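Please find my note on this model below. The points are brief and follow the display.

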Amino acid sequence: MYEGGDAQGAIQQLTTYLERYPRDDLAWTILGHAHEDLNQDDKARAAYDGALGITPRRFQAIGGLGVLHRKRGDDDAAMQAYHRALAIEPGYARAYSSMTVVALRLHPTGCSRSTTGR
């Protein structure tokens with residue numbers, strides 16, 4: 001459901017699933033992503049913390065925490081989370097794209113040169 005774009009439906013199903021299988025760190029992580037998509041940041045944080053309480057190296061949950069930090073404007077904590085996720089999984093594309101968002105916010109560049117090549 002989540003991959004199909006139904007975050008609310010995914011939350012309902014994951015909540016029911018996690019009542020039966022509370023040690024599924026991936027389900028907690030997906031639940032965090034779904035809450036994050038609906039701007040339910042406190043619930044997303046709790047879900048990511050749940051995932052990390054089971055598997056501290058769940059890099060997707062660490063990246064999710066980074067996004068929450070970024071949304072709050074805490075760019076340093078966000079970058080730390082992305083670096084931590086990448087230390088676990090160097091190919092984690094979401095961390096790279098999120099780092100780019102932070103870097104552009106910290107160092108916006110203007111287009112001062114002509115686009116004609118002069």
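**Notes on the helix pair and the overall fold**

1. H1 crosses H2 in a left-handed sense. The model is predicted, and the points here should be read with that in mind.

2. The two helices, H1 (residues 7-20) and H2 (residues 25-37), have axes that come within 9 Å and cross at roughly 150°. Because angles over 145 degrees count as roughly antiparallel, H1 is described as roughly antiparallel to H2.

3. On the H1 side, the contact is made by Ala-7, Ile-11, Leu-14, Thr-15, Tyr-17 and Leu-18. H2 contributes Ala-27, Trp-28, Ile-30, Leu-31, Ala-34, His-35 and Asp-37. Sorted by class, the contact holds ten nonpolar, two polar and one charged residues.

4. Asp-25 also belongs to H2. Is Asp-25 buried or exposed? Its relative accessibility is 11%, so Asp-25 counts as buried, the cut-off being under 20%. Apart from neighbours within four places in sequence, Asp-25 is in contact with Ala-51, Ile-54, Thr-55 and Arg-58.

5. The protein as a whole has six helices and zero strands, in the order α-α-α-α-α-α along the sequence. Its C-alpha atoms fill a box of roughly 65 × 30 × 25 Å along the principal axes.

6. Of the 118 residues, 40% count as buried. The protein exposes about 7300 Å², with carbon and sulfur atoms supplying 52% of that area. Among contacts between residues at least 6 apart in sequence, 44% join residues at least 24 apart.

Key
Residues numbered from 1 in each chain as written. Predicted model: local features only at pLDDT ≥ 70, side-chain atom pairs only at ≥ 80, totals over all residues. Heavy atoms only, no water. Axes fitted to C-alpha atoms, helices over the stretch in contact; angles between N-to-C directions. Helix = DSSP H or I, 4+ residues; strand = E, 2+ residues; numbered from the N terminus. Parallel < 35°, antiparallel > 145°, perpendicular 65-115°, else oblique. Left-handed = near helix turned anticlockwise from the far one by under 90°. Contact = heavy atoms within 4.5 Å. Nonpolar A, V, L, I, M, F, W, Y, C, P; charged D, E, K, R; others polar. Buried < 20%, exposed > 50% of the residue type's maximum accessible area, 1.4 Å probe, protein only. Areas by Shrake-Rupley, 256 points an atom, 1.4 Å probe, with all protein chains shown as cover.
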